[in-house]
Amino acid sequence: MITLNNVSVTFEGKETSIKAVENVQLTIEKGDVFGIVGYSGAGKSTLVRTINLLQRPSEGSVIVSDQDLLSLKPKQLRAARKKIGMIFQHFNLMGSRTIAENVAYPLRKSGLTKSQIKEKVAELLQLVGLTDKSSAYPSQLSGGQKQRVAIARSLANDPEVLLCDEATSALDPKTTLSILELLKELNKKLALTIVIITHEMQVVKEICNKVAVMENGHVVEEGDLVSIFTEPKERITKEFINTSTHVDQALENILKHPTLLDLQTNDVLANISYVGASTSDPLIATLTTRFGVTTNILFGNVEILQETPVGNLIVILSGEPGRRDNALAYLNSKNVKVTLIHHHQQVIPLKKEHYIV
Amino acid sequence: MTEFLTTYFENVIPLKDEIIESTLQTLYMVTVTGLIAGILGLILGVILVVTDRGGILERPRVYGLLDQIVNLFRSLPFIIMMALVVPFTRFLVDTSIGTTAAIVPLVIGTVPFFARQIQNALLEVDPGVIEAAQSMGSSPLEIIFRVYLKEGLTAIIRVSSVTIINLIGLTAMAGAIGGGGLGNLAISRGYNRFQNDVTLVATVIILLIVFISQFIGNALVKKTSH
C-alpha cells in the first residue's frame, strides 16, 4: 500500500544542514494501523509528510497505491492526494466555514452534484457522530468534536490511506480514546489503512497492529505490536514501552523501599513476563504445589495487545536454590521469561539484563 | 440660527457650492483610487504571500524583488511622489492637474501600503489550514481563493478600512497639485486667506467621512467573524 524506499529529508540551512529523516525503509500493508513513535524532533512528522509529499524527500522514493508520487505531475499529485486523507494535531479546520462546509470543501470539482455533495456530507457527519453540528462553526466545538470533523473531511474523497499527525496529542485521555475507537472502527468498516504518528505509547497500544520506533531521523526498530512489546531490542523502544507499562517505575519504587524488599537467604527478586496462551495456566500456584517455591507478587500488569494478553509481574520467589532452579526451568518451558533482579545480598545490575532463558 | 452662522461662519455660507463640490471631489478620489488600488494591492499582497519562503508558490527571487519595490515606494513621502510621477501621470491621463490626474499618484501611493497590509492579513491565516488544503489536493489557485481570501476575509476588511482612512489623508494632500477636494479647500481658503471657519468645516466633513468608513468597516468585520 505504502512503500518508503530509502527516504531521506535534509533541510539545508545557511551553514548547516539538518538530516530530519535518514534512509528510512518502510512498508505499510493495506489494512494496517501502523504506528510511528518517537520523541519530539525524531523526524516522525517529517516522515509522515513525505507520504503525501507535503514534504518532498531529498532522496528516495515514495510509492502509494502502486504510484511513484515523485514522478507525478502537479495535477496528478493533487489527484493522488485526494486519496490520501490527513488529520492534524490542531485539527486545521477553516474557521470561516460551517462544519458542513468544512466537510464539503474537498468535494468541489469531484464530479458530484450539489445535492450529492449534501448527501455525502450528511453521511460523513453521521459516520463521525456529529449530525447535529452541521451548521455550527468550528469555534463552537470541543477539541474532540473538531477532530471528528477533520476526520469526516479527510474521508470525503474516499481515501485508501489516512495519515494521522499527532491527531490525539491535543486531546484529553478520554477524548483520545473515543477518537481512537472511531479510527479503529473506520479501519475495519472502510478497510482504511491508517498511519499514526505519536509520542504516546498508549495510543499505539490501543490501536496499532504494527509499530516503527524513530530516533534521530532513523527507524531503529520495527515490527508487529506484540513482538515489539514483548521483545523490544533497542533502548529507546524499551523506554517507550516502560512509559506505558510502568514496570520500571514500579521496580524503582520497590528497590527504594527496604520494607518491600526484605530478602531472606533463599529469596530472589524477579520479573516474570509472559505472552498469550501462557497467561491461562495457573503458573504461580504450580510453583508452590509442584516445586515448593512460594511467590510473593509485588507488582502486576496485564495488557491486551491485539487480543493478545501480555503480562508483567515483579515477584519475590522463595525456596531453596535447587527448587528455585527447577521452578525457573519449568517457567522457561512454559515460554515465560524470567529476569532475576536481586539476590539476597547481591544486586544484579539492571542495565546488563540477565536472562535465565 | 442664521445669525449664529453668519457671525461665526461668515465665509462658509457663500462657499456652500464649493464645499459640496470639494466633498464630492474627495469622495470621487477616495472611491476611484480605493477601487483601483484595492484590486492592485490585493493582487500584489497575495503574490507577496504565496512567493515568500514557505509560501505555496515559493519564488524567493520574485518575492525579493517585489518586497524591495514595495519598500521603496513606501519610503517616498507622498508629497514628493506626486511631483515625481508627473511625467507618468501625463502619459496616462494627458494632464497632470486636476482630480483625475491626482488619482495616479494616489494609486501609486496606496498600492504598496495596501499590499503590505494584505500580506500581513493573509499571514494571519493558520499555516496548518493551508497545509490541510494542500493535503486535500487543492491547487494553488484554489488555496488562494477558497482558503486565503476566505479565511482572511475579516482581516482583509480590517486592513481595508485602515487603508481607506489612510487614503482619505492622502487625498487632502492631492490639493497641492490641483487635485481639488477638501484638503485643497482648507489650504486655499482657510490657510491662505485666514478663513478659519472654512478649515473647520472641511475638517468636520473629513472626520465624518472617516467615521463612516470606520463604522462600515467595523460592522463588516463583526459580520464576517465567527
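## Domains, chain contact and core

The C-alpha centres of domain 1 of chain A and domain 2 of chain A lie 41 Å apart. Please keep in mind as you look around that this is a predicted model. Domain 1 covers residues 2-232 of chain A, and domain 2 covers residues 246-347.

How do the two domains meet? Contact between them involves 6 residues of domain 1 of chain A and 7 residues of domain 2 of chain A. On the domain 1 side, helix 8 of chain A (residues 225-230) supplies the largest share, 4 residues. By class, that side of domain 1 has 3 nonpolar, 2 polar and 1 charged residues.

Now to the place where the chains touch. Chain A brings 17 residues to the contact and chain B brings 15 residues. On the chain B side, the elements giving two or more residues are helix 7 (127-135) and helix 8 (140-151) of chain B. Helix 7 of chain B gives the most, with 6 residues.

| Side of domain 1 of chain A that touches domain 2 of chain A | 3 residues | 2 residues | 1 residue |

Helix 9 (residues 153-174) and helix 11 (residues 196-224) of chain B pack at an angle of about 175°, and their axes are 8 Å apart. Helix 9 of chain B is therefore roughly antiparallel to helix 11 of chain B, since angles over 145 degrees count that way. If you want to follow this contact by eye, the residues on helix 9 of chain B include B:Leu153, B:Ile157, B:Ile164 and B:Ile168. Their counterparts on helix 11 of chain B include B:Ile206, B:Val210, B:Gly217 and B:Val221.

Finally, the nonpolar core. The largest one holds 153 residues, among which A:Ile36, A:Val103, A:Val195 and A:Ile196 touch the most other members. Helix 6 of chain B (residues 99-123) gives the most to this core, with 14 residues. Both domain 1 and domain 2 of chain A also give residues to the core, so it lies between them.

Which residues does A:Ile36 contact, leaving aside its neighbours within four places in sequence? They are A:Lys44, A:Leu47, A:Val48, A:Val195, A:Ile196, A:Ile197, A:Ala212 and A:Met214.

Note on methods. Residues numbered from 1 in each chain as written. Chains lettered and ligands numbered in written order. Predicted model: local features only at pLDDT ≥ 70, side-chain atom pairs only at ≥ 80, totals over all residues. Axes fitted to C-alpha atoms, helices over the stretch in contact; angles between N-to-C directions. Parallel < 35°, antiparallel > 145°, perpendicular 65-115°, else oblique. Domains from an automatic or database assignment. Nonpolar A, V, L, I, M, F, W, Y, C, P; charged D, E, K, R; others polar. Core = buried A, V, L, I, M, F, W, Y, C linked by C-beta atoms within 7 Å. Buried ≥ 20, exposed ≤ 12 C-beta atoms within 10 Å, placed from the backbone.
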